[in-house]
Amino acid sequence: MYGDVTLQEDIIIGEGESLTLDDGASLNAGNHNVIVDDGTLDENLANSLGDSVKYAPAITNHPKNVEVKEKETATFTVEATGSDLSYQWQQSTDNGSKWTNITGETNTTYTIATTTMDMNGTQYRCVVKNSINEVTSDAATLTVTAIPTYSITMETDGNGTAFASPASAPEETLITLTAMPNSGYHFDRWEVVSGDITITNNTFTMPAEPVTVKAVFDRDSSGGAHHPDAG
């Protein structure tokens, strides 16, 4: 650009275009704007125009696919450049055929605090816009895998019955054991057949492996009735 120029209307610098201010030249935007839409603007010119320069939105980093276990947190992030940007996250449950806005999710990140199995395969994207234009990010897919559960096998010495509640569970679940002796017998003790557990007060914490526990009963003494101390 040469000489002194005053804009008579907005000027748009598009993709592949540039606007450079030569030595001795000046540009007065007046009440108009210099809109940079994928083009480039000379730094000195940008500084001299100040707030008259408006940048169209452009996404620099798209959301990435996320894989989590059920009940874990999932976060999607978008990065964009431009003037006075607004953000709106959207989701699709039909592989991108239909997109709906997620109420209240208008920041650069969208976080799902607790994922569930019915979210598996859901896609997420962000619409970034300002008064000049709007752009939409690539879609990112959420993969949710089920928390593995492990079985609890109960054995006895034949003189009663025993069960665990629950009978299978994920790691870190509190398991409660109950023993019911046959007539003439009373519960004596629990034996850990397999699994890295410690039984305390008829309970244990489920490890990340199957567990087998055996209930052992003793015959009541002939001197009188004995009351079971388990379950």
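These legends go with a set of close-up views of the predicted model above.

This is a predicted model, so local features need pLDDT of at least 70 and side-chain atom pairs count only at pLDDT 80 or more, while totals for chains, interfaces and linings use all residues. Residues are numbered from 1 along each chain as its sequence is written, and side-chain values use heavy atoms, with hydrogens and water left out.

**View 1. Tyr-110 and Tyr-124, a tilted aromatic pair.** Rings of Phe, Tyr and Trp (for Trp, the six-membered ring) pair if their centres lie within 6.5 Å; planes under 30 degrees apart are called stacked, over 60 edge-to-face, and the rest tilted. By this rule the count comes to five aromatic pairs. One of them is Tyr-110 with Tyr-124, at 5.5 Å centre to centre and with 45 degrees between the planes. This pair links distant parts of the chain: Tyr-110 sits in strand 14 (residues 109–112) and Tyr-124 in strand 15 (residues 123–129), 14 residues apart. Strands here are DSSP runs (E, at least two residues), numbered from the N terminus; helices would be H or I runs of at least four. Are the two tyrosines buried or exposed? Tyr-110 is buried at a relative accessible area of 10%, and Tyr-124 is buried too, at 2%.

**View 2. Phe-187 and Phe-217, an edge-to-face pair.** These two rings sit 6.0 Å apart, centre to centre, with 80 degrees between their planes. Phe-187 belongs to strand 22 (residues 185–194) and Phe-217 to strand 24 (residues 211–219), so the pair ties together parts that are 30 residues apart in sequence. Phe-187 counts as buried at 5% relative accessibility, and Phe-217 is buried with a relative accessible area of 3%.

**View 3. His-186 and its aspartate contacts.** His-186 is also in strand 22, and at 11% relative accessibility it counts as buried. Which side chain does His-186 join through a polar contact? That is Asp-220, at 2.9 Å. A polar contact is a pair of N or O atoms within 3.5 Å; within protein, one must be able to donate a hydrogen and the other to accept it, and residues adjacent in sequence count only if both atoms are side-chain atoms. Look at Asp-218 as well: its C-alpha atom is 5.4 Å from that of His-186, although the two residues are 32 apart along the chain.

View 4. Strand 17 (residues 140–145) has a covered face with Ala-140, Leu-142 and Val-144, and an uncovered one with Thr-141, Thr-143 and Thr-145. Two strands pair if DSSP finds at least two bridges between them. Strand 9 (residues 66–69) runs parallel to strand 17, joined by four bridges, and Lys-69 has Thr-145 as its bridge partner. Strand 15 runs antiparallel to strand 17, joined by two bridges; here Gln-123 is partnered with Thr-141.

**View 5. Ser-83 in a loop.** Ser-83 lies between strand 11 (79–81) and strand 12 (86–92). The Ser-83 side chain reaches the backbone nitrogen of Tyr-55 at 2.8 Å. Leaving aside neighbours within four places in sequence, Ser-83 is in contact (heavy atoms within 4.5 Å) with Val-53, Lys-54, Tyr-55 and Asn-130.

View 6. The order is 19-21-23, with antiparallel pairing. Strand 19 (160–165) and strand 23 (203–205) are at the edges with a single partner strand each, so one side of each is left without a neighbour in the sheet. From one strand to the next, the twist averages 20 degrees; axes are lines fitted to C-alpha atoms (for helices, over the stretch in contact), and angles run from 0 to 180 degrees between N-to-C directions. Six bridges join strand 19 to strand 21 (residues 174–181), and Ser-165 stands opposite Thr-176 in strand 21.

View 7. Strand 18 (residues 149–156) pairs with strand 20 in the antiparallel sense over three bridges, and Tyr-150 stands opposite Ala-169 in strand 20.

Methods. Buried means under 20% relative accessible area, exposed over 50%, partly exposed in between (1.4 Å probe, protein chains only).
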